[in-house]
Structures are given as C-alpha cells and as structure tokens.
Amino acid sequence: MKDTYGREITYLRLSVTELCNLRCRYCMPEDGVVKKRHEDMLTHEEMVLAVRAAASLGITKLRITGGEPLVKPGIVSLCHAFSRIEGIRELCLTTNGTLLPRLAAPLREAGVDRLNISLDTLDAEKYRRITRRGELSQALNGIEAALREGFEKVKINAVLIGGFNDDEIPALAELTRQYPVDVRFIELMPMYDSGDFGPEAFIPYTVVTERLPELEPVKADGGVAKLYRLPGAQGNIGLISPVSAHFCAECNRIRITADGKIKPCLHSSEEISIKGMGLEEMEQTIRRAILEKPQWHGQLSYSERSHANRNMNQIGG
Ligand code: SAM
Ligand code: SF4
C-alpha cells in the first residue's frame, strides 16, 4: 500500500533478536543488552503473523535482521515459515557471517534467497577492535560458505569509519574482483550509543569515489545504493548515504523490532506495538503505521543524532 506521501511500501525489515555474538562499537554497548523479559518479546508465532499481516498489505520483500539473527534459537525453522508466506517474493537476511559456516546450507534449504554479510575490515586485529571480540577468519569463512552454498548476489556491507577503515577502501572494493559479490559502503549513522566516535569518524560516501577514481557508474537497480563497478570486477560497489544524501523520498520500508514495535522510520522515536495482537488487529496496526510514516528523518550529523532512542542492535539496521 501507499503511504501519505505516495511511497509504495513493499519492504519489511524484521528484527528477530536484540542479542548478538559480537559487540560492534557503533552498534551496541560493550556489556551487551539489558535482557528484556521473554514475555515482552515477539514469539515465533507472532513474528509469522506479523509477516502475514504485512504481506496482505503489499509487502513483498522481507529482510531478517537483529542483533545477530543467526544466534536466534529456531532461526532456520522461522525462515522456513517466512519463505512460505503468500506474497513474500524475496526473503533476505543480514548477518555478521560468523555462524554461516554451520548455517548457510540449512538457511538456503529453508528458502532464504539472499544474504548480506557485514565486514568492515580485512585486518584481524582491527576486526577484533571494532567488534570488541570477533575473529576475522570466522566472518571470511562465512562469506565463503555463503558462496559455496550457491547464494546469489551476496552483498558485503562495510560501515565507513574515518580514521579506522578509510585506508582499506581499495582492499575492501577488491573483494568484488576476487568473489562474485557486491561491496557496499554505508555511512556511519549517529545513533544513540555511537559515542566511541568523534566527528572525524563520520565521513561522506564521496570519499569512496575519491579513493577509487577508476570506478565506473552502473545503472541503479531500484535499491538505495548508488552503483559503480571496478573494471574487470564480478560485482558492484554500492554507496549508501543515509547521512549526507538521504533517500527518504524513495524509502519503501518499515521495520518491526524483536519486542514487537513497528518503526515507520528508522530515525524517528515513533513506535507502535503489535505485541499480543491477532492477525486482523496486526494488519490494521501496520496499516496505521504505514500511514504515519514521516516524510523524512530530519537532519543527521555528529551533533544532530538520530531520534530513534535505541541502538542499532535493538532496531535491526
Ligand atoms: N548482526 C547483523 C549484522 O551485523 O549484519 C545484522 C544486524 S546489524 C544491526 C545490521 C547492519 O547495521 C550491519 O551491516 C551494521 O554494520 C549496520 N550498523 C549498525 N550500527 C550502525 C551505525 N551506527 N551506522 C551505520 N550502520 C550501522
Ligand atoms: Fe552485532 Fe550486527 Fe550490531 Fe555488530 S552490527 S554488534 S554484528 S548486531
């Protein structure tokens, strides 16, 4: 269905957990999350109902996210249930990749069509520093497992962080020559708890084209990324600019958090609960949330932070 600004809303991002096996510095605090009461989180059945309700309103693309969706007990059977919901034509999942060596095959069998894998650095020490605990080799093994299992259009997501990984833009981009993957550079968003980073960390996407003058523009594919390609590469380079050039006018998505709050806009504090509802009430509530989707998220910068009032692991990115 269309929202009040004429945008066709076809994309739902569902966070299935706030928990994660990593602690990325821009995403969540070191000591993890204050664990919410089990009864305050959506049950598996409620998640399936929510997706059914959203599909009945015209959602065709579903992305499973988190926290880390692969630490969610029962994630494979949940994905299997989502993939069978009438109207859902594309089932995607965003992951840090570290558990893919074990789960890539069952996820593919369960009907997951596409994977986005987050990777900000190719240096093992820096990987440990940014994730506060991760092993780079596990994430790289995860990417290889996804390709081995035949996932197509695998995307590697790297958050651009000035003074941390801007020197690795060429090396990360080179992955598109090494593997049949797209690499997407995403501007760091000033969330609630990204206090580890000073103003110099917030660099615009244009840094990528400056560092890689050989990039050739590619026709956009309908997504929010500006697309380029390195000569001879197997995949594209995507630039995603939520901060320096927002794409609110083309935004086609809504989000549902693991504790059952619809977020019509990532950076707004507005949240509408669907916890405890049946199918019909969920459908009415999601309809209302779509109609309340704001026109844009307001200015974002180091000093004008997101109004989301949650860290990214509690929203889903
Ligand atoms: N755990 C999974 C992962 O890391 O891919 C899925 C959830 S994570 C919250 C989804 C995406 O949000 C990741 O690609 C992550 O890099 C990105 N993200 C988290 N905090 C961010 C921030 N402050 N600015 C930009 N991207 C952020
Ligand atoms: Fe976990 Fe993903 Fe957040 Fe990193 S970005 S802490 S992997 S949820």
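**Exercise 1.** Determine which atom of ligand 1 lies 3.2 Å from a backbone N or O atom of Thr95.

*Solution.* Next come the nitrogen atoms of the ligand: one is 3.0 Å from a backbone N or O atom of Gly67, and one is 3.1 Å from a polar backbone atom of Tyr26.

The model is predicted, with local features requiring pLDDT of at least 70 and side-chain atom pairs pLDDT 80 or more, whereas totals for chains, interfaces and linings use all residues. Residues are numbered from 1 along each chain, chains are lettered from A and ligands numbered from 1 as written, and side-chain values use heavy atoms, without hydrogens and water.

**Exercise 2.** Describe the packing of helix H3 (residues 100-109) and helix H5 (residues 136-148).

*Solution.* The axes, lines fitted to C-alpha atoms over the stretch in contact, are 8 Å apart at an angle of about 20°. H3 is therefore roughly parallel to H5, the term for angles under 35 degrees. Contact (heavy atoms within 4.5 Å) involves Leu100, Pro101 and Ala104 of H3, and Gln138, Asn141, Gly142, Ala145 and Ala146 of H5. These residues comprise five nonpolar, three polar and no charged, with Gly counted as polar.

**Exercise 3.** State where Arg132 lies.

*Solution.* Arg132 occupies the loop between helix H4 (124-131) and H5. Its phi is positive, about 65°, although Arg132 is not a glycine.

Definitions and conventions. Axes fitted to C-alpha atoms, helices over the stretch in contact; angles between N-to-C directions. Helix = DSSP H or I, 4+ residues; strand = E, 2+ residues; numbered from the N terminus. Parallel < 35°, antiparallel > 145°, perpendicular 65-115°, else oblique. Polar contact = N/O pair within 3.5 Å; in protein donor to acceptor, adjacent residues only side chain to side chain.
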